[in-house]
Amino acid sequence: MDEHRTQRTFRKILEAMTFPGKIVQLEQSPNELSPLYSQTVLVCQTLLDGEVTFAVIGEKKVSQSIQAYTGSHEAKVEEADFIIIPNTVDSNEIADLKVAKKGDLLNPQKSATLFFEVDNLMDGIQLELMGPGIKDKTVIHADISKGFLKIRDELNAEYPLGIDVLFIDRSGYGMALPRTTKVTEVK
Amino acid sequence: MSKFPFAFLDEQSKKEIRRAVLKGVAIPGYQVPFASREMPIGRGWGTGGLQITLALVGQRDVLKVIDQGSDESVNAVNIKKLVQGTTGIETTIHTKEATLIQSRHRIPEVPLRSDQIMILQVPEPEPLRSVERSEFKTKQLHAEREYSGAWLLLFEQIMRYNQTSQGADYPVLVHDRYVMNPSPIPRFDNPKIHNSDALILFGAGREKKIYAVPPYTKVESLAFDDYPFEIEKFEGKACKVTGLTDVFLDELTDEQTGETYYLCNDTSFMQEYLEKRGTVHVR
């Protein structure tokens, strides 16, 4: 894997996490791993290695390839450091995320980071975001499931415990919601 | 230098640092442990900041390194040389031109922008270390949000000196949750961390900790209602060369006359100011 490509990708992920709600353009991976988006594969290649574990929701067959590309080992959802949610999952499978690890008060960093594939990060339900990295507040329109937002609220109820999410859409755009971001639906 | 990977560190080390940086951003002010690497400079000489810089830097970055406000001190020059030698990127002394700014003991006078990342070198990341020597226990105190030790330190200073005597590294409360050492920047720079436009990262190489303050994050210097936080005051004093008064000043002594004078601590800011005014630098 080209070190410059992962460096640029890391900086995009960092930019997204630094400015929640901000849309960043991610690059494609040289490796195909259907049905995952190419950009999701590159994000995995950027952050995963043998020191961390991952789980994939729904699509079991991509796990072996992710392991081969990154050296990372598959774990149960409740133990995984990184959880990959392909866009092919249904709402029942999203409920599996309820057990994602959120760290403990001594080690809030021992929590899951989600790579969550969605259709479109520039069209969908209207959400108001507040928190660190956001000047006052920002409004986004993104195709994020309400069912997931509810699970996220539950996992993030006890700050500093919680999960951090990087969404990736069909066009390869990324957008992050770290645990500090308060999300409210605008109706 | 072709035998080294780009930016010196191998991919695996970078990945680990990158993951710690992301956690730091997600949990403002919380000290994320990381496996600090041996660097070709001594621990305590900015290895924490350097490792963050090396994990972040890319081919299009422009780096500025400052040490106590100076771009030309030995430490700053050595760090710049190492990064430049292993990446080939440009360096600058101008804050405005930099995408990454690694610093020891200062945040530049020129306001930072949201497309810049500030990396501060940290000797002691633990604000409770002087009241509790055990890392095991300080970790617990952070978990329980038990910060009376930090308040007690300031209280004792007030009892003794009728003011807080803590100069640099004055503790702050980040996002209403974690008390954090801002690294030994003067109190003068503490307000710059609050609602900053730029991401600020902190690296402690010896203590193996990385932490962060994202932009637009509430950062309060600890203070009491009747003893509010105050920055260093330079009333009636001005930089001898520029005449500026609203900057952090160094107190110096003219060795010939014994006279005390003041200079801007941020030397590149001073230089830019003089160039803009077309003043010849004489001293």
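Which residues point one way from β8(B), and which the other way? In this predicted model, B:L199, B:L201 and B:G203 point to one side of the strand, while B:I200, B:F202 and B:A204 point to the other, and all of them are buried.

**Strand β8 of chain B and its partners**

- Strand β8 of chain B covers residues 199-204, and because six of its six residues are buried, the strand is largely enclosed by the rest of the structure.
- Strand β5 of chain B, residues 117-121, runs parallel to β8(B) and is joined to it by five bridges; within this pairing, B:M118 stands opposite B:I200.
- The strands β8(B) and β9(B) form a hairpin with four residues between them, in which B:K208 takes a positive phi near 55°.

**The interface of chain A and chain B**

- The size of an interface is often given as the accessible area lost when the parts come together.
- For chain A and chain B the buried area is about 3300 Å², and carbon and sulfur atoms give 61% of that area.
- In terms of residues, 40 from chain A are in contact with 39 from chain B.
- The count of salt bridges between the two chains is two, and one of them is formed by the side chains of B:R19 and A:D49, with an N to O distance of 3.1 Å.
- Across this interface, 17 residue pairs are found in polar contact, with both residues of each pair at pLDDT 80 or more.
- On the side of chain A that touches chain B, the elements giving two or more residues are α1 (3-18) and α2 (38-47) of chain A, and the largest share, eleven residues, comes from α1(A).
- Sorted by class, that side of chain A has 18 nonpolar, 14 polar and eight charged residues.

- A:R11 lies in helix α1 of chain A, and since buried means under 20% relative accessible area, its value of 18% places A:R11 among buried residues.
- A polar atom of the A:R11 side chain lies 2.7 Å from the backbone oxygen of B:L56.
- Leaving aside residues up to four places away in sequence, A:R11 touches B:L56, B:V57, B:G58, B:D61, B:L100 and B:I117.

Note on methods: Residues are numbered from 1 along each chain as its sequence is written. Chains are lettered from A and ligands numbered from 1 in the order in which they are written. This is a predicted model: local features need pLDDT of at least 70, side-chain atom pairs count only at pLDDT 80 or more; totals for chains, interfaces and linings use all residues. Side-chain values use heavy atoms; hydrogens and water are left out. Buried means under 20% relative accessible area, exposed over 50%, partly exposed in between (1.4 Å probe, protein chains only). Two strands pair if DSSP finds at least two bridges between them. Contact means heavy atoms within 4.5 Å. Buried area is the accessible area (1.4 Å probe) that two parts lose on being put together, summed over both. A salt bridge is a side-chain nitrogen of Lys or Arg within 4 Å of a carboxyl oxygen of Asp or Glu. A polar contact is a pair of N or O atoms within 3.5 Å; within protein, one must be able to donate a hydrogen and the other to accept it, and residues adjacent in sequence count only if both atoms are side-chain atoms. Ala, Val, Leu, Ile, Met, Phe, Trp, Tyr, Cys and Pro count as nonpolar, Asp, Glu, Lys and Arg as charged, and the others, Gly among them, as polar.
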